[in-house]
Each structure stands twice: as structure tokens, then as C-alpha cells.
Amino acid sequence: MEEAVKDVKKAVKKPSTRYFLVKFSGKTNELQAQNVFIGLNGVSRVIQRGVPVVLPEPYLEIARHSQIETFDTDVDGNRTPLTIANYPFDTICEASEEDYQAMLNRKSPLSAQEIEAIKSRAYRS
């Protein structure tokens with residue numbers, strides 16, 4: 001019986017996390033914070049807008065689903081409800097866990113050469 005449990009645990013593999021090189025857009029309105037703050041299971045990340053960074057997909061899912069409810073006002077003063085992305089971002093390419101780990105303790109943004117290296121590895125795969 002114990003062997004069957006071990007076999008089942010081996011067969012059920014945890015899906016691997018994907019990583020992406022992304023760039024969060026600049027502020028689109030006065031309600032948005034200068035930096036992007038995303039927390040997941042007690043682990044938070046503060047990301048500078050406009051700077052390419054490597055993030056795990058779960059953080060990007062949170063950013064993708066974060067929205068602001070606001071209004072658009074036309075010239076006559078009529079207000080139309082509007083939902084906009086709180087943290088819009090562009091995906092540049094897929095990255096690796098090693099790229100992400102290397103970024104965790106950095107004090108400076110990725111250099112142009114580092115970004116190109118990540119892109120070239122992504123496009124070779």
C-alpha cells in the first residue's frame with residue numbers, strides 16, 4: 001500500500017513555473033502608484049515601471065487581473081463607467097528561473113546586454 005502512495009506522488013508532478021521578461025507600462029492616471037506592488041502568498045515584489053524585469057507567471061496573473069473602476073467623462077459631462085488595467089505590462093519573451101534568481105538580489109536594472117542575452121536564449125528554444 002505504501003508503495004502505491006509513493007508511485008502516485010511520483011506520477012502527480014507539480015507543474016513547473018514559467019518565467020517571463022516583462023516591462024510594466026508607465027502610470028496611465030493619477031490613481032496609479034509610481035511602482036507596481038504585487039504580493040503572492042506573503043511574498044511581495046515592488047517593480048519599477050518602464051524597466052524590464054523577470055517575473056514568475058503567478059505574479060503576472062495577479063497583475064493581469066488587477067483592475068481599477070473609473071469613469072470617462074465626455075465633453076457634455078456625461079460619465080461612462082470604465083474598467084482599466086491597474087498594472088498593464090508588455091511581455092517581451094520567456095525567461096528562465098536562473099534569470100529570475102539572478103534578479104532577486106540586484107540593486108540595478110538589467111543592462112541592455114543582459115536583456116538581449118535573455119531574448120536570444122528564449123528565441124533559441
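## Overall architecture

From the N terminus on, the secondary-structure elements of the protein follow the order α-β-β-β-β-α-β-β-β-α-α. This amounts to four helices and seven strands. The model is predicted.

Of the 125 residues, 26% count as buried. The accessible surface of the protein is about 9,000 Å², and carbon and sulfur atoms account for 51% of that area. Among contacts between residues at least 6 apart in sequence, 61% join residues at least 24 apart.

## Helix H3

Helix H3 spans residues 97-104, and its buried residues are Asp99, Tyr100 and Met103. Viewed down the helix axis, the buried residues of H3 fall within an arc of 100°, so they line one face of the helix. Glu98 and Ala102, on the other side of H3, are exposed.

The packing partners of the buried H3 residues include both strands and helices. The strands are E1 (19-24), E3 (43-48), E4 (53-56) and E7 (89-95). The helices are H2 (57-65) and H4 (112-124).

## Threonine 83

Threonine 83 belongs to strand E6, which covers residues 79-85. Its relative accessibility is 41%, and threonine 83 therefore counts as partly exposed, since that class lies between the limits of 20% and 50%.

Beyond its neighbours within four places in sequence, threonine 83 is in contact with Gln67, Ile68 and Glu69. Glutamine 67 is 16 residues away from threonine 83 along the chain, and the C-alpha atoms of the two are separated by 6.5 Å. With glutamate 69, threonine 83 forms a polar contact between side chains, at 2.9 Å.

How values were computed. Residues are numbered from 1 along each chain as its sequence is written. This is a predicted model: local features need pLDDT of at least 70, side-chain atom pairs count only at pLDDT 80 or more; totals for chains, interfaces and linings use all residues. Side-chain values use heavy atoms; hydrogens and water are left out. Buried means under 20% relative accessible area, exposed over 50%, partly exposed in between (1.4 Å probe, protein chains only). Helices (H or I, at least four residues) and strands (E, at least two) are DSSP runs, numbered from the N terminus. The arc is that of the directions from the helix axis to the C-beta atoms. Contact means heavy atoms within 4.5 Å. A polar contact is a pair of N or O atoms within 3.5 Å; within protein, one must be able to donate a hydrogen and the other to accept it, and residues adjacent in sequence count only if both atoms are side-chain atoms. Accessible areas come from the Shrake-Rupley method with a 1.4 Å probe; for residues, only the protein chains shown count as cover.
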